[in-house]
Amino acid sequence: DGLPEALPPDLDALARGVGSDAPDSLRARLDARLTSAVLRFGRALREPRADVAALYGAAWAPAVHAPRDLDAEARSLAADLAATDDADRALDAFADRHRPAHSGYRLLRAALAREIDLAAAPDLTIRADLAPADSGAAVRRLRQRLAIEGAVVEAGAGYDEALAGAVRTYQTRQGLPTTGRVDAATRAALNRRQPGAIPALVLNLERWRWLPDSLGPLHVLVNIPDYQLVLREQRGSRWAEVFRSRVVVGQPSWATPVFSDTMESVVFNPTWFMPASIQIESYGRLRPDRALREPGPGNALGRVKFLFPNDHAVYIHDTPSKWGFEVERRALSHGCVRIGDPRDFAAAILARTNRWPTARVDSIFTGPWTLRPVTLDRGVPVHLAYFTARADAAGRVTLLDDVYGHDPRLARALGLEPAVARVADNRTRATADEA
């Protein structure tokens with residue numbers, strides 16, 4: 001998922017040529033080359049492999065990762081390799097420390113491994129259900145197939161209780177009846193492959209590297225192609241989704257930018273100053289007399305706006321026009337994010353930052369249209385992101401519409417353009433396996 005730059009072609013030959021009697025100069029040369037390769041590997045796992053601003057313009061602002069002493073980590077890895085007989089495990093541990101820690105990234109990575117293994121595996125073809133006490137070649141294929149799903153099953157031709165338990169675990173993860181039998185529905189799930197998933201997963205693994213190392217213990221994530229906003233908070237070692245809403249994002253000609261910032265205030269019953277560009281679009285010319293809209297039912301921002309000050313003048317807000325939330329393709333705004341459930345979003349934010357009871361928010365929404373700004377007692381990170389693929393814990397992949405056509409440019413930058421082009425037609429709708 002994060003390949004280093006091509007290694008020098010003579011590196012392997014150099015390593016093979018360093019025997020016990022090799023001169024110190026040759027050993028030093030090999031050490032320098034290997035250290036350089038490890039450093040490139042660590043950076044490729046953690047940092048963007050594409051120049052985001054060159055691809056999409058200044059509106060895209062990838063996060064700057066906290067500096068790390070890769071030289072010291074490379075020396076530490078060298079010491080680990082010298083002290084162990086399991087070099088693969090030491091390299092895996094090094095790589096895992098450098099990959100993004102986000103759950104969305106790790107789910108995509110697990111799904112990518114599954115799809116790669118499935119691409120080389122034949123379908124599980126059987127004439128009838130498999131059940132405990134069965135045996136034969138089909139049972140051996142079932143064991144191999146479950147291993148791709150991460151099940152620990154020993155080789156064998158018998159359908160024993162351990163295998164039945166692995167089947168039940170798989171069925172539970174897939175939301176299937178936990179019978180322990182491989183019926184038609186279980187077989188279909190085991191044979192499920194997602195056309196175009198591999199290149200799409202690689203593209204979106206790259207995009208996760210553009211986010212900060214930490215999204216924040218309480219944060220907002222808007223996935224533009226999914227037309228969804230979620231509010232998540234950390235509870236111990238787990239993440240809890242405390243709010244979700246449909247959103248309307250920018251039209252392709254008014255694309256919502258991709259960046260991270262911090263929500264600082266919530267403004268109830270806001271005024272709205274119509275930007276010059278929208279005045280011209282609406283009236284054909286600038287209309288200063290029509291630019292300022294006072295709070296009220298006709299205000300385009302509705303009852304509330306959520307401010308995270310940024311150079312793009314983009315924010316999240318209510319709207320009196322609700323029809324947009326009922327259509328599937330919700331790229332309809334002039335760049336800001338319209339939220340379908342502003343009251344509950346305001347209540348969820350203010351309960352966790354300012355300790356407001358829900359009734360206090362309700363009273364504002366049903367009260368007079370009086371401007372009321374509220375400063376948050378603690379900032380809430382907001383991430384406007386662009387993911388055209390996601391995966392769930394069961395390994396199911398959902399491909400989303402590339403609403404702004406960003407995938408081909410990233411594919412070219414990563415050398416994946418032909419593979420992405422072949423599946424472009426499949427990206428206009430979500431898969432039936434959507435979680």
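**View 1. The whole chain, for orientation.** This is a predicted model, in which local features need pLDDT of at least 70 and side-chain atom pairs count only at pLDDT 80 or more, while totals for chains, interfaces and linings use all residues. Residues are numbered from 1 along each chain as its sequence is written, and side-chain values use heavy atoms, with hydrogens and water left out. There are 16 helices and 13 strands in the chain; these are DSSP runs numbered from the N terminus, helices being H or I with at least four residues and strands E with at least two. The chain has 435 residues, and 46% of them count as buried (buried is under 20% relative accessible area, exposed is over 50%, and partly exposed is in between, with a 1.4 Å probe and protein chains only). Take the contacts with a separation of 6 or more: residues 24 or more positions apart account for 66% of them (a contact means heavy atoms within 4.5 Å).

**View 2. Helix α13 against helix α14.** Here α13 (residues 342-353) and α14 (residues 358-366) have axes that come within 9 Å and cross at roughly 145 degrees (axes are lines fitted to C-alpha atoms, for helices over the stretch in contact, and angles run from 0 to 180 degrees between N-to-C directions). The crossing of α13 past α14 is right-handed, meaning that the near helix is turned clockwise from the far one by less than a right angle. In the loop between α13 and α14 sits R355, whose phi is near 60 degrees, a positive value in a residue other than glycine. R355 is exposed, at 77% relative accessible area.

**View 3. The buried face of helix α15.** Within α15 (residues 407-414), the buried residues are D407, L410, A411 and L414. Looking down the axis of α15, these buried residues fall within an arc of 105 degrees, so they line one face of the helix (the arc is that of the directions from the helix axis to the C-beta atoms). An α-helix has 3.6 residues a turn, so residues three or four places apart point the same way. After α15 comes G415, with a positive phi near 75 degrees.

**View 4. R143, tucked into its surroundings.** R143 belongs to helix α7 (residues 137-148) and is buried, with a relative accessible area of 7%. Setting aside neighbours within four places in sequence, R143 is in contact with V153, E154, A155, G156, G158, D160 and L163. Y159 is 16 residues from R143 in sequence, and their C-alpha atoms are 9.1 Å apart.

**View 5. N299 and R293.** N299 is in the loop between β6 (292-293) and β7, and it is buried at 1% relative accessible area. Beyond its neighbours within four places in sequence, N299 is in contact with P270, T271, W272, R293, E294 and P320. R293 itself lies in strand β6 and is partly exposed, at 22% relative accessible area. From R293 to M274 is 19 residues in sequence and 7.6 Å in space, C-alpha to C-alpha.

View 6. The loop between β11 (372-385) and β12 (389-391) holds F387, which counts as buried at 5% relative accessibility. F387 and I224 are 163 residues apart along the chain, yet their C-alpha atoms are separated by 7.3 Å. Leaving out neighbours within four places in sequence, the contacts of F387 are N204, R207, W208, L211, N223, P225 and L400.
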